[in-house]
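Please find below a colleague's note on the structure under review.

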Amino acid sequence: MCAMKEIKTLGQFIIQNQAAFPFAKGELSRLLRDLAIAAKIVNREINKAGLAEILGELGTVNCHGECQKKLDIYANEQFIAALKSGGECCIVVSEENDEHVTIDSEISKHAKYIVAIDPLDGSSNIDVNVGIGTIFSIYRRTTFTGTASTEEILQMGTQQVAAGYIIYGSSTMLVYTTGKGVNGFTLDPSLGEFCLSHPDMKIPESGRIYSINEGNYIHFPLGVKKYIKYCHEEDIPTQRPYTSRYTGCMVADLHRNLIKGGIFIYPSTSAAPRGKLRLFYECNPMAFIMEQAGGKATDGVNRILELEVYHLHQTTPIFIGSRAMVEKTEEFMRLYDSSQTRTQ
Ligand code: AHM
Ligand code: MG
């Protein structure tokens with residue numbers, strides 16, 4: 001008779017670790033509860049997306065010029081609605097909204113938190129049933145008078161009080177940190193609860209997986225090209241050649257690399273000279289999580305979490321994952337791209 005494994009729900013875990021969140025009084029619990037509720041609703045729609053009229057494109061584009069999928073908008077509406085009704089959030093910054101969304105309802109008038117969100121990461125995978133995710137990042141207001149100013153919203157990544165992602169894959173998981181390590185929770189559909197399944201997640205110091213869209217190879221900086229060739233070389237002591245794994249969804253690629261070890265790179269390309277991925281609601285939250293799991297995240301030179309934030313939707317190149325692998329890319333970038341210029 002196997003011993004019954006103790007089930008610890010996300011709610012129980014947060015309460016037991018309340019001290020880990022300096023601004024306790026249940027605020028984080030309610031914020032994560034609100035995000036988890038929206039995640040369950042989005043998960044339900046994703047699981048029947050092929051049946052419900054929710055696949056395909058809306059015929060609209062977001063402020064990045066990207067075609068919006070029905071599920072992009074549906075997820076965005078669910079997360080914003082959950083944060084509105086929860087009462088802890090006063091500002092939402094979303095990939096799907098050009099401007100920040102101010103929540104000024106009666107229940108939120110004393111709200112202290114700013115939430116940045118990519119409601120559906122990896123949208124190009126929606127219609128083909130490949131992994132997709134949600135990314136969230138939580139900041140605390142620095143003043144509490146009137147509505148939050150732009151300066152108050154555009155805080156540096158090191159100011160995050162919590163960050164996490166949901167991955168809608170073979171199972172649905174919520175992974176988050178409040179700066180005291182990383183913990184993963186798997187949704188048990190029979191309970192409708194996220195249950196602790198991956199306590200204290202740590203990324204291996206090194207790995208054999210590299211994740212990059214090699215279709216952009218000719219436009220990569222020389223340092224990145226040289227690193228890719230390094231991954232291809234035969235060298236037993238460093239377990240090369242490495243394995244290439246790239247799903248088109250940052251959350252899915254980073255989740256796999258967090259568990260198995262590896263590096264994810266989205267560098268500058270000719271189409272995206274400053275990188276494609278957004279600093280505020282993609283790179284900063286994933287960098288916070290990865291550093292808390294013992295990994296590293298840079299733009300090839302600088303720590304992601306210390307990059308100046310000057311626009312809601314600014315982008316950055318990102319090199320993120322196992323520490324030794326990121327540091328190897330830094331060597332190549334120093335050697336070949338000291339000015340981080342892209343080669344011809
Ligand atoms: P999103 O705009 O739906 O949030 O997706 C951004 C995605 C990342 O998840 C992924 O890593 C990257 O864009 C893939 O880009 P590309 O198709 O250019 O390789
Ligand atoms: Mg995204």
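1. Conventions. The model is predicted: local features need pLDDT of at least 70, side-chain atom pairs count only at pLDDT 80 or more, and totals for chains, interfaces and linings use all residues. Residues are numbered from 1 along each chain as its sequence is written, chains are lettered from A and ligands numbered from 1 in the order in which they are written, and side-chain values use heavy atoms, without hydrogens and water.

2. Sheet. Five strands form an open sheet in the order E12-E11-E13-E15-E14, with mixed pairing. Strands E12 (243-244) and E14 (296-298) each have a single partner strand, so one side of each lacks a neighbour in the sheet. Strands are DSSP runs of E of at least two residues, helices runs of H or I of at least four, numbered from the N terminus; two strands pair if DSSP finds at least two bridges between them.

3. Strand E11. Residues 209-211 form E11, which pairs with E12 in the parallel sense over two bridges. Tyr210 has Ser244 in E12 as its bridge partner.

4. Aromatic pairs. Tyr230 and Tyr242 are edge-to-face, at 6.3 Å centre to centre and 75° between the planes. Tyr230 lies in helix H5 (residues 222-232), Tyr242 in the loop between H5 and E12.

5. Cluster. Ring pairs link Tyr227, Tyr230, Tyr242, Phe332 and Tyr336.

Conventions. Rings of Phe, Tyr and Trp (its six-membered ring) pair if their centres lie within 6.5 Å; planes under 30 degrees apart count as stacked, over 60 as edge-to-face and the rest as tilted.
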